[in-house]
Amino acid sequence: MNGVAILGSTGSIGRSTLDVIARHPGRFRVVALAARTRHELLLEQCRTFRPALAVLGDAADADLLAAALRAEGLATEVAVGERGLIAAATAPGVEVVMAAIVGAAGLGSTLAAARAGRRVLLANKEALVMSGRLLLEAVAAGGGQLLPIDSEHNAIFQCLPPGPPGVRAPGVRRVWLTASGGPFLRVPLASLGAVTPDEACAHPRWRMGRKISVDSATLMNKGLELIEAQLLFGLPPGAVEVVVHPESIVHSLVEYVDGSTLAQLGHPDMRTPIAHALAWPDRIESGVQSLDMLRLGSLGFEAPDRRQFPCLGLAEAAARSGGTAPAALNAANEVAVAAFLEGRLNFTAIAEVIERVLECQPAKPVGALEDVLAADADARRAAAGCIEAGGGWRA
Ligand SMILES: NC(=O)c1ccc[n+]([C@@H]2O[C@H](COP(=O)([O-])OP(=O)(O)OC[C@H]3O[C@@H](n4cnc5c(N)ncnc54)[C@H](OP(=O)(O)O)[C@@H]3O)[C@@H](O)[C@H]2O)c1
């Protein structure tokens, strides 16, 4: 039995992970679950999966959960905040950690899991984008593994020979990251300023949390994934190409020097990469239907429009700058997306805020985690200042 901790268990990835685990009761045991505020859903998950530890973001919610667990005679302990997340990631009996917290909030626990030598299933791409090689070094020092959950990176992983993270596989010319294009692929540029959060979150192919849904609508998600792919697969900036593929059936491709291009295909359902990484190198049922090649029809591929989606170009520039630039990009994006979701910023102003922040915060080298955290804090302050100052960006 593999002991599993799920950080972000109440989110879209967390719930899909529990769905896969529930199909294999003899193979996985849930040891720890963690969320921020949704204590009622976490209680329901504790009833079903009986973890040793449950974590919530603040003490008042944790008290409510602890009282409810006691009243039902459940033995789950309750912990709070960052210390609780780290306890969950490193708890005795945890071999696999699903890192599925959204945003920079997942960095500390993902690093802790890596240092402790766990198998880290990385959905929380922001943690890798921010910390870059520091997370890869933590995986190497801990002696564990890092398996990508993003469907694109999981697809690339499946098309590569086995090897350590961060090292370019022999014979790889480049990788092609597929992008659905999100809900605004065919929406005229002039209309984008007026789109609402609900429209931005109505993704045509994937059901996801609200932050990543907005990132998919701006294509910042693809920009973050481009940085993630360079780091995970040891590739220079020019060796990761983005291609729009609206059907989201081909999840990404690896091009080799001999002219072969390998792809991984499947329905757009995160349970496939989750099941792959949970069981790797075995294969297990995920609950996802097989593709019917006879009904698939034609698949389309096109170049991304960087005028329509300036966030992609901003991420490419941050990838080229390196150092603290990806952390600053990520932090400015998190602040701008939160403001958009709260109705304080126009959709098109997300990219403008990020651009301003990157202009006023030149990249510095990263020697230690403190450099990353400082760049993150500076960029958050700068982005909040830009949004506060307004400049016609208000929704
Ligand atoms: N959804 C997808 O299909 C998908 C695909 C590829 C990659 N990813 C990546 O996976 C990550 C999660 O995405 P998602 O769509 O699952 O997001 P989501 O639905 O918004 O879920 C986020 C989860 O993180 C928890 N959380 C947030 N802040 C926290 C904190 N400070 N402490 C503890 N828990 C915290 C939330 O708890 P509450 O519910 O209590 O707020 C929730 O369980 C993101 O990095 C995303 O980019 C997602």
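I first sorted the shell around the ligand by class and found 13 nonpolar, 10 polar and 6 charged residues. Ala, Val, Leu, Ile, Met, Phe, Trp, Tyr, Cys and Pro count as nonpolar, Asp, Glu, Lys and Arg as charged, and the others, Gly among them, as polar.

I noted that this is a predicted model, in which local features need pLDDT of at least 70, side-chain atom pairs count only at pLDDT 80 or more, and totals for chains, interfaces and linings use all residues. Residues are numbered from 1 along each chain as its sequence is written.

I then looked up which of the 29 residues around the ligand come nearest: Gly8, Gly11, Ala123, Met208 and Gly209. A residue is near if its C-beta atom, placed from the backbone, lies within 6 Å of the molecule.

Domain 1 (2-149) and domain 2 (150-317) both give residues to the shell, so the ligand shell lies between them. The domain bounds come from an automatic or database domain assignment.

I listed its buried residues as Ala62, Leu65 and Ala66 (20 or more other C-beta atoms within 10 Å of the residue's own, C-beta atoms being placed from the backbone; exposed means 12 or fewer, partly exposed in between). Seen down the axis of helix 3, they fall within an arc of 100°, so they line one face; the arc is that of the directions from the axis to the C-beta atoms. The face turned away from the buried side carries exposed Ala60, Ala67 and Ala71.

Note on methods. Helix = DSSP H or I, 4+ residues; strand = E, 2+ residues; numbered from the N terminus.
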